[in-house]
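These are my notes from an afternoon with one model.

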Amino acid sequence: MATLKKSSPLNREDGGALYEQLADRIEGLIADGVMLPGDRVPSVRKLKQQFGVSMSTVLEACRLLEDRGLVTARPQSGHYVRENPAMKLEEPSESRPSHEAVKVDRVMSLKLKLSIEDESILQLGAAVPSTNDFPQKTINRLIGQSLRDESELAHKYNTPRGVEAFRKAVCKRMMYAGISAGPDDVLVTNGAKESVYLALKAVTKPGDTVAVESPTYFDLIVTLESLHLKILPLATNPRDGVSFDCLGGALQKKQVQAVVLITNYSNPLGVCMSDSRKKALAAMMERHDVPLIEDDICGDLCFGDERAKTVKAYDKSDHVIYCSSFSKTISPGLRVGWMVPGKYQSKVEQIKLAINQAAPTLGQLAISKYLNGGGYERHLRKLRKLYQQQTSLMLQYISQSFPEGTKVSKPSGGHVLWVEMPEGVDSMKLHDEAIREGIAIAPGPIFSPREDDFLNCMRINTGLPWSERIEPAIQRLGELAVEQLWRNGVRKKAVKRKPCKCEPVVSHKLDDNVVMGNRH
Ligand SMILES: Cc1ncc(COP(=O)(O)O)c(C=O)c1O
């Protein structure tokens with residue numbers, strides 16, 4: 001049986017309930033490989049003594065570990081570390097796009113029903129979080145308060161830069177990402193998508209070439225196409241991110257006029273670039289005097305406690321345009337994003353003025369109150385844990401339901417997984433077959449400007465609260481993939497079909513009142 005060496009007392013001041021802290025300690029030991037699959041978790045009595053906590057705290061911690069899919073209870077015997085088959089899965093291979101820029105004439109993603117408006121479809125395709133996990137009640141209350149207290153400001157025209165109180169609040173948040181910017185450096189937008197659009201419009205002209213990760217977020221391809229820009233997809237590794245050899249080569253040859261990268265928990269690969277690579281990237285952009293548009297929309301969604309830094313944090317020469325939003329953490333519907341345009345500030349302001357004057361004021365007022373009230377950090381702690389659990393469960397189900405040879409990304413944040421199925425599975429067909437059965441997936445080709453790339457891949461959304469619909473849906477997707485392989489002539493014996501053996505899981509729901517504690 002494993003013994004718990006890390007038994008320094010738990011501390012109420014450390015934040016988080018004691019049972020969560022205890023569960024986190026045990027989870028840390030499982031993650032470090034100190035406690036292995038099959039190991040018995042020390043008894044309730046022993047944990048109680050060792051950590052100086054009550055019996056109910058220990059029982060709650062064990063329940064939480066069960067919910068996280070990490071331990072299983074055996075009657076009369078105790079808790080045991082679960083086999084995690086997902087850990088045995090390989091990560092997808094590095095992409096190998098050709099070295100030529102592509103002019104997009106057909107945007108694949110627009111042909112598909114990603115079905116975000118159809119509630120009968122299980123949304124494993126679009127990277128949509130569940131807004132029930134967001135602080136809706138608190139934000140609604142703060143919207144009401146803003147209308148009462150700042151009615152005039154809420155209703156009048158604003159300047160392109162946006163509400164000052166919001167810009168100040170966002171500057172405090174950006175310090176966690178290593179960015180020191182003042183409110184006058186910030187421009188508020190209608191979401192991260194508009195931030196990236198404005199940045200591209202400011203730094204490129206039609207016909208220019210922009211380098212992106214391969215695979216990349218499909219709506220970025222839509223944006224680039226709408227601006228008549230060519231796309232240079234760069235080889236990207238699910239562990240480290242974009243290949244510096246490819247990027248450096250393209251910069252050296254002056255092949256690109258701008259670069260757009262999603263540096264933290266990228267979409268769809270889930271990569272978080274290391275600090276040393278971010279630093280090297282900032283230096284590379286300076287050396288070649290090319291702007292980098294950094295999309296950091298998921299930066300707050302790390303699975304651990306420490307928020308990842310950004311390339312902007314290392315940008316000494318003003319070559320990085322930082323873009324983000326609260327769509328992934330507070331509300332996608334309020335459309336509140338922002339950017340730090342640096343030397344392109346006045347150009348970006350001019351474009352913003354021309355298209356829509358300014359971002360709507362009300363959402364900015366409510367979110368700035370929320371940020372200043374201190375509830376956001378607490379909300380993030382819950383959300384990060386929730387996404388970590390949901391991602392871990394999804395990994396387990398995928399590993400048990402998909403044909404042998406399937407590879408899956410293992411992100412350390414965000415809420416998407418990239419699944420590479422064996423050659424012979426056509427994810428476009430899989431999409432059509434699955435949608436007929438009420439399941440949406442995002443097939444691989446839509447993440448590339450070339451329509452035959454990533455045919456055997458798909459992205460899966462892990463932002464939905466765990467429900468009894470998800471397990472059979474993943475199992476069914478696995479069966480459909482297996483059936484395709486059979487139809488394509490792969491011998492039945494050669495395709496291992498694995499029935500899902502996972503145990504049912506209790507779903508978590510964040511309680512708005514408990515999570516927020518925001519009393520504005
Ligand atoms: C990488 C990335 N950038 C931008 C967006 C769009 O963000 P917003 O809704 O804030 O415009 C998304 C949405 O999923 C995304 O994944």
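Cavities. Before reading any volume, I wrote down that a cavity is a set of grid points where a 1.4 Å probe fits but cannot get out. The model I searched is a predicted one. My search of the whole structure gave four cavities of 30 Å³ or more. I then looked up the largest cavity and found about 90 Å³ of space in it. Its lining is made of 13 residues. Nearest the centre of this cavity I noted Asp300, Arg307, Tyr322, Ser324 and Trp338.

Ligand. Which residues are around the ligand? I listed Gly191, Ala192, Lys193, Tyr217, Ile262, Asn267, Asp295, Ile297, Ser325, Ser327, Lys328 and Arg335. Sorted by class, this shell has four nonpolar, four polar and four charged residues.

Ser327 has a polar side-chain atom 2.6 Å from a ligand oxygen. For Arg335, a polar side-chain atom lies 2.7 Å from an oxygen atom of the ligand. Ala192 takes part through its backbone, where a polar atom is 2.8 Å from a ligand oxygen. I also checked the cover: on its own the ligand has 400 Å² of accessible area, and the protein covers 90% of that.

Cysteines. A disulfide is a covalent bond between the sulfur atoms of two cysteines. How many disulfides does the structure hold? I counted zero.

Conventions:
Residues are numbered from 1 along each chain as its sequence is written. This is a predicted model: local features need pLDDT of at least 70, side-chain atom pairs count only at pLDDT 80 or more; totals for chains, interfaces and linings use all residues. Side-chain values use heavy atoms; hydrogens and water are left out. A residue is near a molecule or strand if one of its heavy atoms lies within 4 Å of it. A polar contact is a pair of N or O atoms within 3.5 Å; within protein, one must be able to donate a hydrogen and the other to accept it, and residues adjacent in sequence count only if both atoms are side-chain atoms. Accessible areas come from the Shrake-Rupley method with a 1.4 Å probe; for residues, only the protein chains shown count as cover. Ala, Val, Leu, Ile, Met, Phe, Trp, Tyr, Cys and Pro count as nonpolar, Asp, Glu, Lys and Arg as charged, and the others, Gly among them, as polar. A disulfide is a pair of cysteine sulfur atoms within 2.5 Å. On a 1 Å grid over the protein atoms alone, a cavity is a set of points where a 1.4 Å probe fits but cannot get out, and a pocket is an open set with protein on both sides within 12 Å along at least five of seven lines; lining residues have an atom within 4 Å of a point. Grid points are joined across faces, edges and corners, and a volume is the space filled by probe spheres set on the points.
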